[in-house]
Amino acid sequence: MVWYIIKRLLLFTISLFIILSILFILTRVSMLRIWSLPHPISEDFSRAWDEYKVYITNILTKWDWGKDKYHVPIWDLVLEKMRISFRYNFIAFIIYFFGGVALGVVAAYYKNKFADYVIAMFSMLFNSIPGFVLIFFLILVFGYHLKWFPPQEPFQNADTSRKILGYFIPVMALSFGPMGKIAQTIRGEILDSMEAPQYLLLRAKGLTKKQAFLRHGIKDSMVVMLPQIVPTFVYVINMSFVIEYTYNINGIASLFFSSLISFGGDNKAIVVNTIIVVPIATLLIAIIMFFSIISDITLALIDPRISIRSKKTS
């Protein structure tokens, strides 16, 4: 497993370097093509390549990702915004993963009973409503009508209790859909494993239904569930950009959109700020790839039948 992790980390580094390079060159070329007079595209690539060499040299030698118009280091700015966004996504992940697993286990254990029907309705409802639509309903009902929670992100000088309440609406908008999907997956996999021949063998050896369910059914369902966590995580991150912007969260989404769209009166134009877009995209891709490595390792630890050793040539 050690060699597998080393190999994945090496591929992780190489992939990030390639992605960063492609993003920088293509965004610079696209802007040079749009905001300049007609000229050969080879000139744009030549200019972008020269800028890229300076850019990547500064990163590798001084960890200098550039500065914004206020002379704030870009990397510090991106990390500050990313920490804000990560808090919302991390809390949402804890809720939709463990909440979805818990609901799936309850639904499978009480198959065709009241709890199963309630959880099935919950899953069907919130699987059909995207989070960026759900958040408008939550803001209107719980923010403006009932006034239980802030209708937008509380200000920095707000008291701690109001800041905590400010997590409810965006986190629930991020969590409900994935939670329902995970609950359906866990329920289905547990019920399938309970009908497998090995389950009947466990019952024949003296295990009760509850013991076989808890010791083997849940574990077998996780083997199928874990590979689906990464695409679910990616989906939630993508959705969080719209939810952050809607809830006026001063996180990575606001920085990302402001670096893509130039607002001026009634006119809006796409102006890609390369030195901001590139580190944001690179950092997000790095988080997703790292999460994928953790998921693979966890899967191997849960199911010893899965081997992730490097192949040896004979």
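These legends go with close-up views of aromatic side chains and one serine in a predicted model.

The model is predicted, so local features need pLDDT of at least 70 and side-chain atom pairs count only at pLDDT 80 or more, while totals for chains, interfaces and linings use all residues. Residues are numbered from 1 along each chain as its sequence is written, and side-chain values use heavy atoms, with hydrogens and water left out.

View 1. F291 sits in helix α11, residues 274–302 (helices are DSSP runs of H or I, at least four residues, numbered from the N terminus). With a relative accessibility of 18%, F291 goes down as buried, a label that means under 20% relative accessible area, with exposed over 50% and partly exposed in between, using a 1.4 Å probe and protein chains only. Setting aside residues up to four places away in sequence, F291 touches F93, I229, V230 and F233 (contact means heavy atoms within 4.5 Å). Take V230: its C-alpha atom is 7.0 Å from that of F291, although the two residues are 61 apart along the chain.

**View 2. A tilted pair, F122 and F126.** The structure has 27 aromatic pairs. Rings of Phe, Tyr and Trp (its six-membered ring) pair if their centres lie within 6.5 Å; planes under 30 degrees apart are stacked, over 60 edge-to-face, and the rest tilted. For F122 and F126, the ring centres are 4.8 Å apart and the planes meet at 55°, so this pair is tilted. Both residues belong to helix α4, residues 114–127, and lie 4 residues apart, about one turn of the helix. F126 is buried, at 14% relative accessibility.

**View 3. An edge-to-face pair, F241 and F257.** Here the ring centres of F241 and F257 are 6.5 Å apart and the planes are at 90°, so the pair is edge-to-face. It links distant parts of the chain, 16 residues apart: F241 comes from helix α9 (residues 209–246) and F257 from helix α10 (residues 252–258). F241 is buried at 11% relative accessible area, whereas F257, at 22% relative accessibility, counts as partly exposed.

**View 4. An aromatic cluster.** Seen together here are F24, W49, Y52, Y55, W63, W65 and W75, which form one aromatic cluster.

**View 5. S123 in helix α4.** Back in helix α4, the residue to look at is S123. Its relative accessibility is 1%, so S123 counts as buried. Leaving out neighbours within four places in sequence, S123 is in contact with G180, A183 and Q184.

Definitions and conventions:
Helix = DSSP H or I, 4+ residues; strand = E, 2+ residues; numbered from the N terminus.
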